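Let's take a friendly walk through a protein together. Have the sequence and the 3D view ready, and turn the view as you read.

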Amino acid sequence: LKQIKPNALSEVIAIQLFRPSVAQRQKEMLNTLLNKLEESTLNVNSSTQEESELRTKDAALVEKFVQKARSVQPKGQVVLDPKHLDNVILQQGDVLVIPEQTSVVMVNGQVTFPNGVEYKPDMRVKDYIAQVGGFSQKSNKSKIIVFHQNGEALLVGERYKVQQGDEILVLPKVTAKPVEIARGITEVLYKIALATKYAIDL
């Protein structure tokens, strides 16, 4: 850091570290979850013809979702503690990024009009979501993630007080049945969001 000359807009305290080995590990963990999801889909039994047709439809949904999820490339971000930056040992291939100070809060995912909103100290998550048209019909209001500039991610409620430079991501609601499959898809969506700051559309 002593060799870096930040400009007036640099947010050095929110320095970001991206590590290839972490991205690879995130990818492996994601594939493990997707394998379990596929297995749970194949192991579902149906007692009636109607249930069998529904399971076939759910299986097709899961297969399409899994294909999309396997194409995701995690970023491999390591969340750094600004108080202990001098203790971080860098590895070959590491990438350091110093973000700029910003007065915009990005709101993405399952909202009506994903967009940037001017930061105001007294505004909460629900206020920013209202500024972009509110939740979409496919939103999961219990799965709202706020990312701080340094990469730290928090699962929050609508009354969470947003900080300058934060990003808000609303995940989609999963309606597949049985519950085990819906829970599996929801978990994968959450892991992908943490690894990429992106919400896959179902």
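Which ring does the charged end of Lys 143 sit over? Keep in mind that this is a predicted model. In it, the ring belongs to Tyr 190, and the charged end of Lys 143 lies 5.3 Å from the centre of that ring.

Now step back and take in the whole chain. The protein contains 4 helices and 8 strands. Along its principal axes, the C-alpha trace spans about 65 × 40 × 20 Å.

Next, look at how two of the helices meet. Two packed helices are described by the angle between their axes and the distance between the axes. Here, helix α1 covers residues 20-42 and helix α4 covers residues 179-196; their axes come within 10 Å and cross at roughly 165°. Angles over 145 degrees count as roughly antiparallel, so α1 is roughly antiparallel to α4. The crossing of α1 past α4 is left-handed.

Which residues make this contact? From α1 come Gln 26, Leu 30, Leu 33, Leu 34, Leu 37, Ser 40 and Thr 41. From α4 come Ile 181, Gly 184, Ile 185, Glu 187, Val 188, Lys 191, Ile 192 and Ala 195.

One last stop concerns aromatic rings. A pair of aromatic rings is described by the distance of the centres and the angle of the planes. With centres required to lie within 6.5 Å, the count here is 0 aromatic pairs.

Terms used
Residues numbered from 1 in each chain as written. Predicted model: local features only at pLDDT ≥ 70, side-chain atom pairs only at ≥ 80, totals over all residues. Heavy atoms only, no water. Phe/Tyr/Trp six-rings, centres within 6.5 Å; stacked < 30°, edge-to-face > 60°. Lys NZ or Arg CZ within 6 Å of the ring centre and 35° of its normal. Axes fitted to C-alpha atoms, helices over the stretch in contact; angles between N-to-C directions. Helix = DSSP H or I, 4+ residues; strand = E, 2+ residues; numbered from the N terminus. Parallel < 35°, antiparallel > 145°, perpendicular 65-115°, else oblique. Left-handed = near helix turned anticlockwise from the far one by under 90°. Contact = heavy atoms within 4.5 Å.
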